Amino acid sequence: VMMQSKFPQRWGVKLFYSTLTRVDPNLEAYGDLAEDWESNDASDEWTFHLRDATFHDGTEVTAADVKATFETVYDEDVGSPGRGTMGDIQSVEAVDDKTVRFTLGNSNSDFHKLVSKGWGSIVPEDIVTDPARRQELGSEEHGSGAFVLEDFSPGDSLVGVQYDDYYRTGDDDEPLPYIDRITQVTIPEKSNQVNALRSGDIDIIWQPGYGQWDTLEGLSDSDTHRTPGGEIANFIMDTSVEPWSDERVREAVMLAVDREAILQGVQDGLGTVGQDSPISPAYEYYADVGAREQDLERARDLLAEAGYPDGINVTEEFDLTLQTASNIPHMQGTAVMMKEQLQEIGIEFELDTMSYDNWSANVWGKAPFYVSAYGMRISGANFMKLLLHSDGGWNDESHWSNEEFDQLIDDAIAETDPEQKQEYMRSAQQIVRDEGPYVIPFYIDTIGASKTYVHKYDLNPLAYQIYPDEYALGPAAPTK
């Protein structure tokens, strides 16, 4: 997690590494390496107490390893993409071998959930503090998780085998993992994934293609899994440049959009109509502030008020081209349909698509006009701060600023009373919906499929929060 890993990152991290906590499908925290934790009244100091656990080389997991891991991820010179994503960590102290204390720069009532992210995967101190050895983590593992790496073919597959000294037990008090061997296979073509499940070559499809959903539902020996999720594709209007600096133009764009048509066209309807805030119904503090109804007449009036009675060719007049990734279907699909729909009110522009790697390196956070995509985050308030707060780490995406919103989000992050936190979050979502820099047409459902003999497989709305050590196989499972 501190280097450019060659692993299929989310699966590899969850198989081989441990985090302090985990979150269940209801987004409630439970212990992983930490057996318990507490905060001070201000929730800006958090203390975690570690279980007895060992890394796969047999050495003990200590607070020093936790301290070194977080300090490395948050080291500006290291340049980890995880820096800042788990809250405003100011310092980490190893109180003793089994106690670690975090001091934050602000109150954060969700911090115990944020440390369950993959960026919080604990690596031995001697490896994580050595720049050369950190790079080795791209092709080998040094975790304390349920599985030990046995075989790895980059871009193809990885195999993990049970770690005999793993520290966790299941809710039945039996030692975990329940399975002794797990293989993750990369199958790029979505229809081939379905065929592999049908034939029994694989047991679980993680995030299958949406175009395959009807076929999956028709498989008699498999179960489909679907739950509201929080992944989004957001159409970004950088408020620091024209014409997006004019709130009337942004509102015209929002009113021109047929969100239901985009949800159907891009996601086969497997999702929820979006309301231009990053917070979906899957989040704990979601508020239904209402999706905008398409109103082309009002949209044209707003453009005229802003000085564009004949519409705008954004590319010709402002040298702005909409950029997105061609190999991420919901990014490209949203971009194409937004381009088509906005022509209805006279807003036109060129569309430039590229590989996700190219887009991520050269467009994200740098260009003033693009369609991005974000997976669901553990804490809606912290996610809103990251993206939209004036001091947010990713605010350079939109340069949007609203003092009332900033205060509401700071209050929501600090608040421990659920009812008051909900009020702060409702008001914040309303402001973003009314005045923000995004069109977010839909929230994507999280989906999956598994053979009927796969037990204890709970689909988490956070698609990347997968815990294969908790999966089990029933008696009907094949023995090879």
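Colleague: Is aspartate 52 buried or exposed?

Modeller: Aspartate 52 counts as exposed, because its relative accessibility is 64% and the cut-off for exposed is over 50%. Keep in mind that this is a predicted model.

Colleague: Which side chain does aspartate 52 meet in a salt bridge?

Modeller: The general idea comes first. Side chains of opposite charge can pair when their charged atoms come close. Here, aspartate 52 forms a salt bridge with lysine 98, at 3.8 Å from N to O. The two are 46 residues apart and link distant parts of the chain: aspartate 52 sits in the loop between β4 (45-50) and α2 (63-73), and lysine 98 in the loop between β5 (89-96) and β6 (99-104).

Colleague: Why does lysine 98 count as buried?

Modeller: Lysine 98 has a relative accessibility of 16%, and buried means under 20%.

Colleague: How many salt bridges does the structure hold?

Modeller: There are 26 salt bridges in the structure. Some join up: Arg22, Asp32, Arg168, Asp469 and Glu470 are linked in a network.

Colleague: Which residues does arginine 168 pair with, then?

Modeller: One partner is aspartate 469, with a salt bridge of 3.0 Å, N to O. That pair is 301 residues apart, with aspartate 469 in the loop between β20 (454-455) and β21 (472-473) and arginine 168 in the loop between β8 (157-162) and β9 (181-185). Glutamate 470 also meets arginine 168 in a salt bridge, at 3.3 Å from N to O. Since glutamate 470 lies in the loop between β20 and β21 while arginine 168 lies in the loop between β8 and β9, this pair ties together parts that are 302 residues apart in sequence.

Colleague: Let's turn to the backbone. Which peptide bonds here are cis?

Modeller: As background, most residues other than glycine have a negative phi, and most peptide bonds are trans. In this model, the bond from leucine 176 to proline 177 is cis, with omega near 0°. Proline 177 belongs to the loop between β8 and β9, and arginine 168 is in that loop as well. Another cis bond joins glutamate 242 and proline 243, where omega is about 0°. Proline 243 is in the loop between β11 (222-237) and α8 (247-256).

Colleague: How are the faces of strand β14 covered?

Modeller: Strand β14 (residues 322-325) has both faces covered: Leu322 and Thr324 are buried on one side, and Gln323 and Ala325 on the other. β14 pairs with β16 in the parallel sense over four bridges, and leucine 322 has leucine 351 of β16 as its bridge partner.

Colleague: Last one: which residues form the negative surface patch?

Modeller: The patch is formed by Glu316, Glu317, Glu348 and Glu350. Glutamate 350 is in the loop between β15 (347-348) and β16 (351-354), and glutamate 350 counts as partly exposed at 49% relative accessibility.

Methods: Residues numbered from 1 in each chain as written. Predicted model: local features only at pLDDT ≥ 70, side-chain atom pairs only at ≥ 80, totals over all residues. Heavy atoms only, no water. Patch = residues over 30% accessible without salt bridge, like charges linked within 9 Å, V, L, I, M, F, W, Y side chains within 5 Å. Areas by Shrake-Rupley, 256 points an atom, 1.4 Å probe, with all protein chains shown as cover. Salt bridge = Lys/Arg side-chain N within 4 Å of Asp/Glu carboxyl O. Lys, Arg positive; Asp, Glu negative; His and termini not counted. Charge placed at Lys NZ, Arg CZ, Asp CG, Glu CD. Buried < 20%, exposed > 50% of the residue type's maximum accessible area, 1.4 Å probe, protein only. Pairing = 2+ DSSP bridges.
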